[in-house]
Amino acid sequence: MSFSDSETSSHGGEYKTFRQISRDRLLYEMLQDTKAGGTRSSWKVLIMDKVTVKVMSHSCKMADITDQGVSLVEDLFRRREPLPSMDAIYFIQPSKENIVMFLSDMSGREPLYKKAYVYFSSPVAKDLVNRIKNDTSVLPRIGALREMNLEYFSIDSQAFITDHERALEELYGENAENSRRFDMCLNVMALRIATVFASLKEFPFVRYRASKGPDAAAATAGRDLVPTKLASSVWNNISTYRSSIPNFPATETCELLIVDRSVDQIAPVIHEWTYDAMCHDLLDLDGNKYVQEIPSKTGGEPEKKEVLLEDTDPVWLELRHVHIAEASERLHEKMSNFVSKNKAAQLQQRDGSELSTRDLQKMVQALPQYNDQMAKLSLHVEIAGKINKIIRDVGLRELGQLEQDLVFGDAGTKEVINFMRGKQEGMSENRLRLLMIYACVYPEKFEGDQAMKLMQLAKLSRADMKTVKNMKLLEGAESKKTSLGGFSLKFDSAKKKHAERTDRTGEEETWALFRFYPKIEELIEKLSKGELAKDEYPCMNSSSASTQASSGASQPASVKTGQSTTAPHSMRSRRTAAWARPRSSDDGYSSDSVLRSVSTDFKKMGQRIFVFIIGGATRSELRVCHKLTPKLRREVILGTTSLDDPPQYITKLKLLSEKELSMENINF
């Protein structure tokens, strides 16, 4: 009976990405490993609880599981049919309730299964191990008893969540630190983060956003210390792994930075103009599910089909992180190319006039050569068309321009007031989001009666007004008193413009409204270069070790990190007013290939960088991790409590002071 974590290290040999390692451990260390011992050809039952089934589903497809000899997947707490001729694999959390259920299955004269292979998602307590060992009828029926230490949810090739949808409410709500849920939320979060490093056999430097000052008021002290407390708990868990997991690295192999939502309150609400973000922000998606309408071949009502926007779709993989205008352009090019090479399509274009993308889509769907690849392309033409229509109907380009000008200091109070006065019609959520951005850039405007006047001008409801005020709950305390009010945003007094962001040095803006970047982009680059301020982002490791944080990483000399003292400059002289720039050069995407997926050469990668954001991350922050991986030659992995789109984030923020509301009322 084995009682240890996997001895397969992620170091040495072929480089595997974060998600590959997670998937391989589940499939090959857990499911395939049970084939050894003479029962290689027999089918098995896989039994999971409500948490581990989500862990598995985020990493593996059902086909992957059946390929490893699993014929049936069962819920631990549902009544199950006895299968005494089959072995069972238990992938469960090490809770008392789960252990009791397992022992009930396998004890007595007639156990449900022939043999049990038990894998725990996180460390199991000694008293529970003894409880299993003391059951003499069960012990001989156990084929394996191991800690997998894999209790995170890989939502992307470079991202995971701890599945804490209520983290903002439980950690930053009014009087949150005095509730039992505060400690419980932090403890489970830390445990799940630690299993990432146990699973990958990585020993991180653990850095965190420090408390903003010793003079914190009692009301804000608890919230301000959340990153510190989480970092301490993660460090304690990893320290335990160092002594309990065979071949765990003795020296640091990667870097972990823990921050919370206070580092950037603009990113969750500003309009992000990538295809992925626009899909989730503007369309009524159910997670990653999109309902496509397919024209009926008989001329009746269109058929509805659910499709998933995920990494297995090569079109999605290519377009998700590009600007919506560029995505539309590429789709039109590919449709045009397909039609130009097909004689049947050319016959339908009788008058020789230029066809719209929608016309091309209908034409392609009618062709006999219409196949799965073109079906994917047609799907994304439909989605992009819907997004562009919403952008036009709502007047989103004007709003998007104001949002970005506001953030970079090219617009101010006058422009916001003029916009509010001229745009009384339309979505109230957009006005709320603009005001939230304005509050981050001009916090002093939200003192006293000024805030109420602004909110009345925007015609916000009382609940929306409370959302803006609740932004202060995330900010914690300031080490100095400032005239900027309750928001703890820092500005350089030498700046002539009121800017919350400065333009990135050396980055060319190729599309309008693609100027914004989330704050973690700067933080990650500074971390990679060893330039993070130690007083603002201290390290849990020993002081002597922390000086070596960036050793072993390949860092391009061209990386230039923006400093807070850099004077911002206006982008007006070089920003194109046109919605989409002309395509004047080949960007490597040939229009005759159906679509390609972009892959990174990982053979010469430096140490991994992990960034964990408490309180939810955004799609722009996920995009940055993908962008910086090839740039820094280091795999950048985003961890967070949940991945939130603007409507979800706003609802959660609203709940921070809404005692009568509950997260159970929110549909995610």
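How many bridges join strand 3 (residues 87-92) to strand 4 (residues 116-120)? There are 5 bridges between them, and the two strands run parallel.

## About the model

Welcome to a predicted model, in which local features need pLDDT of at least 70, side-chain atom pairs count only at pLDDT 80 or more, and totals for chains, interfaces and linings use all residues. Residues are numbered from 1 along each chain as its sequence is written, and side-chain values use heavy atoms, with hydrogens and water left out.

## The chain overall

The chain has 24 helices and 13 strands; these are DSSP runs numbered from the N terminus, with helices being H or I of at least four residues and strands E of at least two. Of the 668 residues in the chain, 54% are buried (under 20% relative accessible area, 1.4 Å probe, protein chains only; exposed is over 50%, partly exposed in between).

Take contacts next (heavy atoms within 4.5 Å): among those between residues at least 6 apart in sequence, 80% join residues at least 24 apart.

Back at the opening pair of strands, Phe91 has Tyr119 of strand 4 as its bridge partner.

## Nonpolar cores

Phe91 turns up again in the largest nonpolar core, which has 129 residues (a core is a set of buried Ala, Val, Leu, Ile, Met, Phe, Trp, Tyr and Cys residues joined through side-chain atoms within 4.5 Å). Phe91, Leu171, Leu230, Ile258, Tyr275 and Ile387 have the most contacts inside this core. Helix 7 (residues 180-200) gives the largest share of this core, 11 residues. A second, separate core of 24 residues includes Leu76, Ile92, Phe102 and Leu145.

For a local view, look at Ile387: neighbours within four places in sequence aside, Ile387 is in contact with Tyr275, Met278, Cys279, Leu282, Leu283 and Ile324.

## An enclosed helix

Helix 21 (residues 519-529) is largely enclosed by the rest of the structure, because 9 of its 11 residues are buried. Among them are Ile520, Leu523, Ile524 and Leu527, along with Glu521, Glu522, Glu525 and Lys526. The buried residues of helix 21 pack against strand 8 (204-208), strand 9 (254-260), strand 12 (609-614), helix 23 (619-632) and strand 13 (636-640). Gly530 follows helix 21, and its phi is positive, near 75°.

Terms used. Pairing = 2+ DSSP bridges.
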